[in-house]
Amino acid sequence: MDEETKVKLRRYRKNIELNGKAMLLVGCWTVLKYFMIICFGDKTIMDLMRVTEEELEEYGAFLTVTFFLIMGIIVLMYVYLGRRAIRYASGKSKRLFFLVFAALFFILTVLGLPGYFIEIKEDLTQIDTILAALFVDITTCFALGDMIYAAIQIKRLSKGTVLSEV
């Protein structure tokens, strides 16, 4: 393997490692964002789940537990994605299943971006918070896209070589 290919492989592996660490932080940010919205914003869990007061009275505990369960699953998926990406980048794993989660999060994040613009139209008083969340989600899209691209490039460049040699 020539030196240029080795340099590219190291760069792509480093990108995956850094993006994996970023996904760990995004998982923390996701939980923190919803807790800040609930604690400091004008929205309640009921508003976030879009339920009526009657539904909340009838299914309140179930809906609250479901909301926090979904939040926990999302965080665990980000942790899984980040840790597997870091393991792959270090050459300890050759499995690329983590890219399924990366693609899923990429698609969901891109689909959620227009919601920020709708929120800005509806409520200009929270524009600073909305813009901060928008920029974090755009950055997350770039990190996920870069992770997927780098993994594809590593696979393409390393055909027939052992990644731990690089």
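**Salt bridges, helices and patches**

A: Starting with the charges, Glu-4 and Lys-8 join their side chains in a salt bridge, 3.6 Å from N to O. The term means a side-chain nitrogen of Lys or Arg within 4 Å of a carboxyl oxygen of Asp or Glu.

Q: Is this experimental or predicted, and what are the ground rules?
A: This is a predicted model, so local features need pLDDT of at least 70 and side-chain atom pairs count only at pLDDT 80 or more, while totals for chains, interfaces and linings use all residues. Residues are numbered from 1 along each chain as its sequence is written, and side-chain values use heavy atoms, with hydrogens and water left out.

Q: Ok, where do Glu-4 and Lys-8 lie?
A: Both are in helix α1, residues 3-40, and they sit four residues apart, about one turn of the helix. Helices here are DSSP runs of H or I with at least four residues, strands are E runs of at least two, and numbering starts from the N terminus.

Q: Why does a spacing of three or four places matter in an α-helix?
A: There are 3.6 residues a turn, so residues with that spacing point the same way.

Q: Are Glu-4 and Lys-8 buried, exposed or in between?
A: Glu-4 counts as exposed at 52% relative accessibility, and Lys-8 is partly exposed at 30%. The cut-offs are under 20% relative accessible area for buried, over 50% for exposed and partly exposed in between, using a 1.4 Å probe and protein chains only.

Q: How many salt bridges are there?
A: The count comes to four. One of them pairs Glu-3 with Arg-10, with the closest N and O atoms 3.8 Å apart. Glu-3 is exposed at 51%, whereas Arg-10 is partly exposed at 41%.

Q: What about Lys-21 and Glu-17?
A: Their side chains meet in a salt bridge too, at 3.2 Å from N to O. They are separated by about one helical turn because they are four residues apart in helix α1. Lys-14 joins Glu-17 and Lys-21 in a network of salt bridges.

Q: Switching topic, what's the overall fold made of, helices or strands?
A: Five helices and zero strands. Of the 166 residues, 33% count as buried.

Q: Which residues of α4 are buried?
A: Phe-98, Leu-99, Phe-101, Ala-102, Phe-105, Thr-109, Leu-113, Tyr-116 and Ile-120.

Q: And how does the span of α4 compare with what it should be?
A: Helix α4 covers residues 98-122, and its 25 residues should span 36 Å at 1.5 Å a residue; the end C-alpha atoms are 37 Å apart, which agrees. The expected span is 1.5 Å times one less than the number of residues.

Q: Which residues make the nonpolar surface patch?
A: Leu-104, Phe-106, Ile-107, Leu-108, Val-110 and Leu-111 make a patch of about 530 Å². Patch residues have over 30% relative accessible area and no salt bridge, with nonpolar side chains (Val, Leu, Ile, Met, Phe, Trp, Tyr) joined within 5 Å and like charges within 9 Å. Val-110 is in helix α4 and is partly exposed at 36%.

Q: Which residues gather in the negative patch?
A: Glu-53, Glu-54, Glu-55, Glu-57 and Glu-58. Glu-57 is in helix α3, residues 53-89, and at 67% it counts as exposed.

Q: How far apart are Val-79 and Val-26?
A: They are 53 residues apart in sequence and 9.1 Å apart in space, C-alpha to C-alpha. Val-79 is in helix α3 and is partly exposed at 31%.

Technical notes
Areas by Shrake-Rupley, 256 points an atom, 1.4 Å probe, with all protein chains shown as cover. Lys, Arg positive; Asp, Glu negative; His and termini not counted. Charge placed at Lys NZ, Arg CZ, Asp CG, Glu CD.
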